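Student: I would like to go through the terms used for a structure and see what each one rests on.

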Amino acid sequence: MNAKGKVFKYGANVDTDVIIPARYLNTADPKELAKHCMEDIDMSFVNRVQPGDIIVGGQNFGCGSSREHAPIAIKASGISCVIAPSFARIFYRNAINMGLPIMESTEASEGIADGDEVEIDFATGIIHDITSGENFTAKPFPAFIQKIIAADGLVGYIAKK
Amino acid sequence: MGMTMTQKILAKHAGLDFVEPGQLIEAKLDLVLGNDVTTPPAIDVFATTCACGVFDRNKVALVPDHFTPNKDIKSADNCKKIREFAKAQGLTHYYEIGDPQMGVEHVILPENGLVAPGDAIIGADSHTCTYGALGAFATGVGSTDLACAMATGQTWFRVPEAILFVLKGTLKKNITSKDLILYIIGMIGVDGALYESMEFAGPGVETLTMADRLTICNMAIEAGGKNGIFPVDQKTMDYLAQFAPERLANKDFTVISADADAVYARTIEIDLAEVPMTVSFPHLPENTKTVGTFDEVTIDQVVIGSCTNGRLEDLRTAAALFKGQKVKKGIRCIILPGSQRVWKEALKEGLLEVFADANCVVSAATCGPCLGGHMGILAKGERCVSTTNRNFVGRMGHPESEVYLSSVPVAVASAIFGRIASPEEIEKK
């Protein structure tokens with residue numbers, strides 16, 4: 001499985017309140033949540049994001065609340081992968097359960113620029129920055145996690161089993 | 001090699017004699033929690049698991065507290081969904097608005113005797129880590145994990161490493177457990193304990209009340225921690241005698257302590273007497289400053305309450321400082337008792353009258369403004385001093401509003417002076 005798209009780059013400690021503000025948590029409908037994704041740090045995100053695009057963040061991405069609505073909003077907005085040096089632990093777990101691919105790489109987080117075109121090979125963990133020509137390597141997920149993501153999340157994975 | 005307190009609780013719940021950091025285990029759970037934001041999606045997932053019912057109708061707690069009393073139609077629909085699910089499943093621990101035992105989830109679960117030493121608890125709320133105060137392992141998860149745990153009574157964990165905080169001495173006057181945890185987060189950062197346990201020990205522990213320990217463990221997540229945990233002592237036992245007499249009488253709990261040769265990722269010693277009066281500036285809990293070392297910060301609103309500081313002890317502290325004082329004209333001070341029980345006790349003790357006389361407004365028990373839900377949302381450019389736990393961008397309202405996290409005494413002083421102030425200034429007034 002691969003991902004390819006344009007990069008939206010953000011800083012460290014992107015929290016769940018800016019990913020999806022609590023004022024929109026009266027619904028869990030992915031389409032509704034996607035309308036407000038990243039709204040409090042980037043008002044233009046929802047208008048610019050295209051299916052396949054990639055978010056590159058700094059350390060501790062997804063810190064804060066346990067709201068699964070955060071990875072749901074990111075995924076429903078069309079984002080194909082989030083790359084960061086580290087993820088907050090509840091977000092990490094929720095992203096996998098929701099089938100949102102995430103990759104840990106300090107080098108990629110530092111080396112990739114906003115707007116770059118990037119291609120990711122999930123099986124090998126290779127992140128190729130088409131714009132700069134640079135390659136980065138993240139540790140790929142083990143096979144069963146890749147299967148969860150391929151099944152669109154834990155529920156789909158269990159149903160297939 | 002010995003195990004930490006957290007590792008020993010996890011090993012016991014996984015049926016193993018020994019676990020080590022990084023190990024993936026499946027553990028049985030003593031309690032599973034959801035609220036009105038996280039439970040509705042979990043109910044949908046639960047329906048797809050083909051489970052005939054929840055694993056144990058006495059071990060699933062559902063608490064409508066975030067947007068309650070319902071702030072809008074969608075919130076009302078969500079609460080209706082939870083209410084109907086709780087009824088269909090015959091849940092014993094569903095807390096309707098107005099029930100004598102209702103309130104903010106992390107205030108009421110310990111108060112209602114649902115938490116005891118040695119328990120393993122997950123909750124679909126990041127502040128589930130609060131229960132470590134009673135010597136339990138407790139951590140936050142998402143809605144899908146909640147759904148699967150409601151069905152099976154178990155979940156998987158990665159065994160965490162731990163940071164050991166050795167506490168010595170006693171906190172100075174007007175310095176509280178909130179100052180201590182803000183000070184710690186300022187020291188190690190919002191990801192300083194990422195994936196790790198925060199274990200507290202040392203002679204300073206016995207100087208901290210159970211309310212103090214609940215406040216401290218509540219904010220372990222704000223340092224990225226998986227859980228916070230305190231050793232079990234006489235104060236824990238006294239708390240159980242008051243709030244969980246049945247579990248105490250039936251010896252339905254296990255006191256687990258860290259091995260003497262437990263291995264920690266690092267050890268941090270803290271002299272409680274040196275903890276400064278601390279405020280977290282926008283927009284991260286780690287942006288801590290000592291009161292008295294920064295320029296004047298004028299404010300528009302003060303919030304006192306939440307799962308961090310909405311307990312009876314907090315309201316007593318606030319009332320003692322508000323007595324005979326007034327909130328500065330033009331400033332709004334909103335007080336949210338953490339539970340119906342706290343509200344009623346505050347009424348009996350005359351605390352609510354003190355608040356009303358000081359021109360504060362007292363709300364029902366709800367998370368409300370803490371997460372920008374309702375009951376005190378900030379307009380563009382407004383500033384709030386709050387005893388809650390997060391000050392992220394837009395947390396309490398407009399993305400250009402600001403939240404300053406503080407202790408209860410600093411919040412009261414700030415309401416009186418209309419700027420971030422020290423309680424010492426009230427005494428000098």
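This is a predicted model: local features need pLDDT of at least 70, side-chain atom pairs count only at pLDDT 80 or more; totals for chains, interfaces and linings use all residues.

Tutor: Residues are numbered from 1 along each chain as its sequence is written, chains are lettered from A and ligands numbered from 1 in the order in which they are written, and side-chain values use heavy atoms, with hydrogens and water left out.

Student: Why is B:Ala320 called exposed?

Tutor: Exposed means over 50% relative accessible area, buried under 20% and partly exposed in between (1.4 Å probe, protein chains only). B:Ala320 has a relative accessible area of 59%, so B:Ala320 is exposed.

Student: How do you know that the largest cavity lies between domain 1 (5-270) and domain 2 (278-428) of chain B?

Tutor: Both domains give residues to the lining of the largest cavity, so the cavity lies between them. The domain bounds come from an automatic or database domain assignment. Among the 23 lining residues, B:His66, B:Asp125, B:His127, B:Leu371 and B:Arg395 lie nearest the centre.

Student: What makes up the lining of the largest cavity, by class?

Tutor: Eight residues are nonpolar, 10 polar and five charged. Nonpolar covers Ala, Val, Leu, Ile, Met, Phe, Trp, Tyr, Cys and Pro; charged covers Asp, Glu, Lys and Arg; the others, Gly among them, are polar.

Student: Which classes occur in the lining of the second largest cavity?

Tutor: That lining has six nonpolar, three polar and two charged residues, with A:Cys63 and B:Arg390 among them.

Notes. On a 1 Å grid over the protein atoms alone, a cavity is a set of points where a 1.4 Å probe fits but cannot get out, and a pocket is an open set with protein on both sides within 12 Å along at least five of seven lines; lining residues have an atom within 4 Å of a point.
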